[in-house]
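Please work through the exercises below with the sequence and the coordinates at hand. Each task is followed by a solution in steps.

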Amino acid sequence: MSGRALAAVLATLAAVTTTLTGCSADHGDANTLRVLLANFPANNQGQAVYDDIVDIFHESYPDVKVEADFVPYDNLNAKIATSLAAGTTYDVISAGVGWIQPLAGLGAIGSLEDDGFSTEELEERVYPSFIPPMLQDGELYGVPIVANPRVLAYSRSAFEAAGLDPDRPPRDFGELVADAEALTQRDADGEITQAGFDFWAKPSSYRQQFVAFLGAAGGTLFDGTEPRFDGPEGVSALTTMRDLIADGSSQYGYQNTAQTSLVTAGQAGMGFASPYVDCSDGEGGIGAAKCDDLVYFSLQDAQPSMFTGGRIASMGAQTELPEAAAGFIRAMQDPATQEAISVMDVGVPVDKAAADSDFVRGNPASTYAVDHLDTAIMEYGGTNFLEFRSAGGWALDEALLGQTSPDDALSSLADLSRTRT
């Protein structure tokens with residue numbers, strides 16, 4: 001989205017916020033639950049997962065119809081702005097972790113405290129790091145459904161070939177940069193044949209990787225609505241990322257044809273990977289031997305850090321069907337639903353009860369991810385978080401490509417992220 005288009009959407013959302021008290025939700029059919037599902041694929045898989053959720057919901061609410069909109073994240077702002085302006089608001093909104101505070105601030109979603117949900121119950125079900133992103137002004141505004149970690153992995157055989165200890169992952173940023181340089185291989189013409197470190201990111205898509213490095217440096221994105229990523233921890237994180245690219249250990253913006261993690265594909269010695277790897281020898285699998293060669297670890301400098309996104313479910317602030325909306329959210333929390341969405345989103349169930357399930361333990365990447373959710377670093381902030389989300393990609397790229405210093409890039413981004421505080 002261009003800066004001008006983003007500004008127009010944000011202006012629309014801000015204007016809508018001031019008129020919400022005079023609007024009433026228009027459901028058309030008063031017995032129809034309207035659901036907005038961000039980033040649900042509009043294909044057979046997405047439809048099947050949605051149908052299963054509806055089937056679980058109908059066990060308790062057989063007479064309530066469900067009307068769903070599937071929308072990409074890039075269109076979520078505009079979709080919600082249009083619905084708020086028209087008074088045709090949603091009863092349930094499922095989005096990403098970082099959307100709770102912005103949507104709550106806009107009046108699009110409401111507190112769950114009076115609808116059978118509580119922070120205390122959630123603390124029993126999920127890992128502690130998932131609680132703060134669900135809160136607005138101390139109240140529960142959403143519940144996590146699925147975690148989407150990005151783990152790190154390295155090739156044991158690549159470490160051995162580079163003269164590195166295959167049982168010793170890098171323990172700080174300095175070791176990470178040095179190991180990546182040692183792992184980088186080039187042909188006679190100087191072309192990289194094996195990247196030392198793979199960010200697994202397209203151009204202008206290094207935002208989540210920055211959050212992981214920021215967490216490892218001991219930093220945080222926001223304190224309430226105040227940006228904190230421009231402090232010394234953020235500068236250290238972004239400088240390390242820039243150094244990996246500047247010395248040629250990492251190829252800026254490079255992805256293979258399948259857009260898969262290079263370390264999983266055997267094209268990098270170390271890098272980011274998904275919390276699922278197909279270890280089969282069939283089509284799409286990397287084979288048992290390659291699976292056994294991968295070692296998973298977390299970024300670390302001041303502290304261990306594993307970037308974790310995720311899917312949340314929340315209730316529309318203007319819903320006239322709060323009991324049914326709560327029922328639909330409960331259907332999304334169902335263990336079977338969590339597994340189905342985990343497959344679709346390439347994630348892992350967020351409930352602690354799923355930690356020992358066959359679904360989690362049947363895969364080495366998901367096993368590592370779930371075992372380290374206590375070090376999850378998430379991308380969220382205050383009501384102005386979307387400014388960081390929208391502008392972060394190009395701002396970080398300027399520093400990664402040496403066009404500006406990490407300090408200046410983060411300072412400018414922090415100033416932009418204060419525009420709606």
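This is a predicted model: local features need pLDDT of at least 70, side-chain atom pairs count only at pLDDT 80 or more; totals for chains, interfaces and linings use all residues.

Residues are numbered from 1 along each chain as its sequence is written, and side-chain values use heavy atoms, with hydrogens and water left out.

**Exercise 1.** Describe the overall build of the protein chain.

Step 1. Count the secondary structure: the protein chain holds 17 helices and 18 strands (DSSP runs, with H or I over at least four residues for helices and E over at least two for strands, numbered from the N terminus).

Step 2. Apply the globule rule (2.2 Å times the number of residues to the power 0.38, compared with a radius of gyration over C-alpha atoms). The protein chain has a radius of gyration of 22 Å, close to the 22 Å that the rule gives for 421 residues, so it is as compact as a globular protein of that length.

Step 3. Determine the burial: 54% of the 421 residues are buried (under 20% relative accessible area, with exposed over 50% and partly exposed in between; 1.4 Å probe, protein chains only).

**Exercise 2.** Identify the residues that touch the most other members of the largest nonpolar core.

Step 1. Define the set: a nonpolar core joins buried Ala, Val, Leu, Ile, Met, Phe, Trp, Tyr and Cys residues through side-chain atoms within 4.5 Å.

Step 2. Of its 128 residues, Leu33, Phe197, Phe199, Phe210, Phe213, Phe229 and Phe328 touch the most other members. Helix H16 (residues 385-400) gives the most to this core, with eight residues.

Step 3. Examine Phe328: beyond four places in sequence, its contacts (heavy atoms within 4.5 Å) are Leu33, Val35, Tyr50, Ile53, Val54, Phe57, Val66 and Val92.

**Exercise 3.** Characterise the surroundings of Met306.

Step 1. Met306 belongs to strand S16 (residues 304-316) and is buried, with a relative accessible area of 2%.

Step 2. Beyond four places in sequence, the contacts of Met306 include Pro149, Arg150, Val151, Ala369 and Thr375. Met306 and Thr375 are 69 residues apart in sequence, with their C-alpha atoms 5.9 Å apart.

**Exercise 4.** Characterise the surroundings of Pro227.

Step 1. Pro227 lies in strand S12 (residues 226-227) and counts as buried at 2% relative accessibility.

Step 2. Outside four places in sequence, Pro227 is in contact with Leu221, Phe222, Ala414, Ser417 and Arg418. The C-alpha atoms of Pro227 and Leu413 are 9.0 Å apart, across 186 residues in sequence.
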